[in-house]
Amino acid sequence: MYIAKVGGKMKKIKQLWMLFIVQLESVIKLNIRYLNSTVSQMFLYAGAFLIVLFVTDTSKMARYYNSKAGVLVAMIGYLFWSIGISSFQSCSNGVEIDEREGTLESEMQSAYPLWLIYLFQILGENIIVWLELLVISIVTCFLSHFTFNDLISSLLLTFVFSQISNLGMFGMGMFLASGSIRFKKMGQWSVIISSLLMMFSNVFSPAFLGIQEIIPYVCGVELVRNIVLGQGFVMHQFLIFLLVNAAWLIAGIIVFSYSIKYERKNGSFDAF
């Protein structure tokens, strides 16, 4: 019986892995097919980073963190924000695209919950986004005063911690996806909210207010900045980081699942 249970779990893990591979292959094919769009997206990310550097007082940031690496500190915030909004925006965009293409209802018949399909799709998209951010980060390293070792450590730490914050941003995006199902055409709101997140989080400034910590990536930014600058690891901040992202993820999935159930019963998916 024990062997049967283990075998069943391994089968489920294999099925989930195959689901991720299918979603990743789909993302790669789309990016190759629409290569111009992929290149344009990288230039958009580069433009957003230039805006961050323009509005950031890097000398003030350097004084606050007691370091000369003001540009590096700003870059860490930018990386968290960029990969975070990729997860956030893909939720509502994914719902609207699937509805327009007529695939949403068929995906709802899958053996897997719809939110899990979108999560794996977003994980695949994030790999592409990370490749684009890697290019931007390397160029920034050559044009700035921080070392290549600082760049590598920052990228690795940001990649690890952003896996947690991306789950929270995904949960936040599930709220917007719920709106896309219920009210349709919510894509413009994702752009507005993404801009507000940049303005009111710690992308180009330190986190001064406790309320900022309800944004999924804020504590992650501060944790990585402190580690890279050799200022230690704050355990209570890490616990807040975990709790905030768990709360966003769970709440987002609950609201999204309810919206799907409600729309099945009372609405129509033909109104997009």
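**Exercise 1. Around helix 9**

Task: Find which glycine takes a positive phi just after helix 9, and how many residues of helix 9 are buried.

Solution. 
Step 1. Helices here are DSSP runs of H or I with at least four residues, strands are runs of E with at least two, and both are numbered from the N terminus.
Step 2. This is a predicted model, in which local features need pLDDT of at least 70, side-chain atom pairs count only at pLDDT 80 or more, and totals for chains, interfaces and linings use all residues. Residues are numbered from 1 along each chain as its sequence is written, and side-chain values use heavy atoms, with hydrogens and water left out.
Step 3. Helix 9 is mostly covered, with 10 of its 11 residues buried. Buried means under 20% relative accessible area, exposed means over 50%, and partly exposed lies in between (1.4 Å probe, protein chains only).
Step 4. The buried residues of helix 9 include Glu222, Arg225 and Asn226. Val218, Val221, Leu223 and Val224 are also among them.

**Exercise 2. The overall fold**

Task: State how many helices and strands the protein has, and what share of its residues is buried.

Solution. 
Step 1. The protein has 10 helices and 0 strands. From the N terminus on, the order is α-α-α-α-α-α-α-α-α-α.
Step 2. Of the 272 residues, 47% count as buried.
Step 3. Take contacts (heavy atoms within 4.5 Å). Among those between residues at least 6 apart in sequence, 77% join residues at least 24 apart.

**Exercise 3. A pocket and a cavity**

Task: Give the volumes and linings of the second largest pocket and the largest cavity.

Solution. 
Step 1. On a 1 Å grid over the protein atoms alone, a cavity is a set of points where a 1.4 Å probe fits but cannot get out; a pocket is an open set with protein on both sides within 12 Å along at least five of seven lines; lining residues have an atom within 4 Å of a point. Points are joined across faces, edges and corners, and a volume is the space filled by probe spheres set on them.
Step 2. The second largest pocket has a volume of about 210 Å³. Its lining includes Met42, Phe43, Phe49, Val135, Ile136 and Thr140. Helix 2 (35-55) and helix 6 (114-143) each give two or more residues to that lining. The largest share, 6 residues, is from helix 2.
Step 3. By class, this lining has 10 nonpolar, 2 polar and no charged residues. Ala, Val, Leu, Ile, Met, Phe, Trp, Tyr, Cys and Pro count as nonpolar, Asp, Glu, Lys and Arg as charged, and the others, Gly among them, as polar.
Step 4. There is 1 cavity of 30 Å³ or more. The largest cavity holds about 50 Å³ of space. Ser87, Leu119, Asn126, Gln163 and Asn166 are among its lining residues. The lining divides into 5 nonpolar, 4 polar and no charged residues.
Step 5. Serine 87 sits in helix 4 and is buried, at 1% relative accessible area. Leaving aside neighbours within four places in sequence, serine 87 contacts Ile122, Asn126, Asn166, Met169 and Phe170.

**Exercise 4. Aromatic pairs**

Task: Classify the pair of tryptophan 130 and phenylalanine 159 by its geometry.

Solution. 
Step 1. Rings of Phe, Tyr and Trp (its six-membered ring) pair if their centres lie within 6.5 Å; planes under 30 degrees apart are stacked, over 60 edge-to-face, and the rest tilted. The structure holds 9 such pairs.
Step 2. Tryptophan 130 and phenylalanine 159 lie 5.5 Å centre to centre with 65° between the planes: edge-to-face.
Step 3. Tryptophan 130 is in helix 6 and phenylalanine 159 in helix 7 (residues 148-183), 29 residues apart.
Step 4. Tryptophan 130 is buried at 11% relative accessible area, whereas phenylalanine 159 is partly exposed at 40%.
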